[in-house]
Amino acid sequence: MKTKKILALIVTTMIMATTIVGCGSKDSSSSTTSTETSKEPVKIVYARGKDVTPANVKVVEKFNELNKGKIHVDFIEMPSDTGKQHDQYVTVFNAKGTDYDVFDADVIWPAEFAQAGYALPLDNYIAKDGINLKDYMEGPINSVTFKGKTWGMPKFIDAGLLFYRKDLVQTAPATWEDLITQAKALKGKIDFPYLMQAKQYEGLVCNAVEFISAYGGKVVDGDGNISISSPETKKGLETMKSIVASDLVPSNITTFMETESHTAFIEGKGGLIRNWPYQWALAQDEAQSKVVGKVAIAPLPKGSVRSAACLGGWNTMINKYSKHPDEAWQFVKFMTGAEGQKISAIDGGSAPTLLSLYKDSAVTTKNPLFADKNFVDGLSAAVPRPVSPIYPKLSDIMQIEISNYLTGKQDVDVAIKNMDTKMKAAVTDASK
Ligand code: GLC
């Protein structure tokens, strides 16, 4: 991604005095002495957002088993909303807190966290252990690279996709217009013909970026300049609103994040849904889903220019103030290496960032996405959000202005003009 030029800058310290909610470790055995050695294992605290699949706990358990008596990872669950999670980390790291040694970071955070001095650069560990970053996908590697250093290891890649009920929808819609037509035909047959994420939060930016890009618009241009003001952006946002304001989605869709939309879908209430790859594993999970075996996957519909998926995903980083960086690295290396990513792919439906896993039959037979060349190729065409240390500021502006448009508080031209002016001002301020 070529937005490097955007910004040398301030650190956004949006400190919210929230309390850290820890669900605690599933395994409290860390205080017991190992039978092999009388030494206490080094205890590492690992934080990440809620995982609705069993994968994350499995990765931690496997690492603890392999490192018994030496290192023990305690897992703390953070809020699912990436913005809320972000603010909790910022609060802790800004105070040089050591509450977490290792944490999963959204692809939009590394530049900010590196600039703010919250994260440990991993280049020495990577070199010492002979890890070849070329074994990983380029987009996720770009997201952890800032000012020539590597600030995290890519754990999984996300890209927006369309999932639909193959017992209700004959052929995946090719365009957003087709989707609207097909969704209309589902009225009366299902509670919610279409599900998406339209709450004012980070996921709204992802959904909006997909509409904007599908119609040829760009949030930033190839030189990293804000270029959101265009007729293409307008067309994209108008299409988005024609869906959000319709009766094809739940009437309270502007309160929906991933959790609300995937829950409605696995309860059998949705016809089509825009979501990330984990949706597949969740829909196939007999313990939670009423739609096992009834779901198919397709690229998001095309706008007037193309089909566009937002690039998402999570990297794992080490707190710069961790008292146990070497042990923290051992865990990062395991979780983001082949064994850890394989568990995330098989049990969690998360798309690996390690290219070799797309040739691993245990991975490809479990999930049709990972065996699909179009999906894998499509990942490299996913649209990144701006890589910038002031990303949270840019995102907040988009969230507010787009939300005000979708909820009828302002028209599309005002929303675009406000985004343009405010985002440009934020970039200028940051470079002073
Ligand atoms: C997913 C994506 C992440 C994105 C978030 C928005 O977790 O991986 O990149 O920011 O959704 O809700």
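Me: How many bridges join strand β7 to strand β9, and do these strands run parallel or antiparallel?

Reply: The model is a predicted one. In it, β7 (residues 161-165) and β9 (residues 270-275) run antiparallel and are joined by four bridges.

Me: What is the strand order of the open sheet of four strands?

Reply: The order is β8-β9-β7-β10, and the pairing is mixed.

Me: Which strands do helices α6 and α9 lie across?

Reply: Helix α6 (residues 176-186) lies across β7, β8 and β9, and runs at about 150° to β8. Helix α9 (residues 258-266) lies across β7, β8, β9 and β10, and its angle to β9 is about 150°.

Me: Which strands stand at the edges of the open sheet of six strands?

Reply: The order in that sheet is β2-β1-β3-β11-β6-β12, again with mixed pairing. The edges are β2 (71-78) and β12 (351-352); each has a single partner strand, so one side of each is left without a neighbour in the sheet. Within the sheet, β6 (residues 153-159) and β11 (residues 311-318) run antiparallel and are joined by six bridges. A159 stands opposite L311 of β11.

Me: Which residues of helix α12 are buried?

Reply: A general idea comes before the case. An α-helix has 3.6 residues a turn, so residues three or four places apart point the same way. In α12 (residues 338-348), the buried residues are G340, Q341, I343, S344, A345 and G348. After the helix comes G349, with a positive phi near 70°.

Me: How many disulfides does a search of the whole structure find?

Reply: The search finds zero. The test is a distance: two cysteine sulfur atoms must lie within 2.5 Å. For C206, the closest cysteine sulfur is that of C310, at 3.7 Å, which is too far for a bond.

Me: Are C206 and C310 buried or exposed?

Reply: Buried means under 20% relative accessible area. C206 therefore counts as buried, at 2% relative accessibility. C310 likewise counts as buried, at 0%.

Me: What lines the second largest pocket?

Reply: A pocket is read from its volume and from the residues around it. The space in this one is about 370 Å³. Its lining has 20 residues, of which L161, P299, N374, F375 and G378 lie nearest the centre. At least two lining residues come from each of β10, α14 (368-371) and α15 (373-379). The largest share, four residues, is supplied by α15.

Technical notes:
Residues numbered from 1 in each chain as written. Predicted model: local features only at pLDDT ≥ 70, side-chain atom pairs only at ≥ 80, totals over all residues. Heavy atoms only, no water. Buried < 20%, exposed > 50% of the residue type's maximum accessible area, 1.4 Å probe, protein only. Pairing = 2+ DSSP bridges. Contact = heavy atoms within 4.5 Å. Axes fitted to C-alpha atoms, helices over the stretch in contact; angles between N-to-C directions. 1 Å grid on protein atoms, 1.4 Å probe; cavity = no way out; pocket = protein on both sides within 12 Å on 5 of 7 lines; lining within 4 Å. Points joined across faces, edges and corners; volume = space filled by probe spheres on them.
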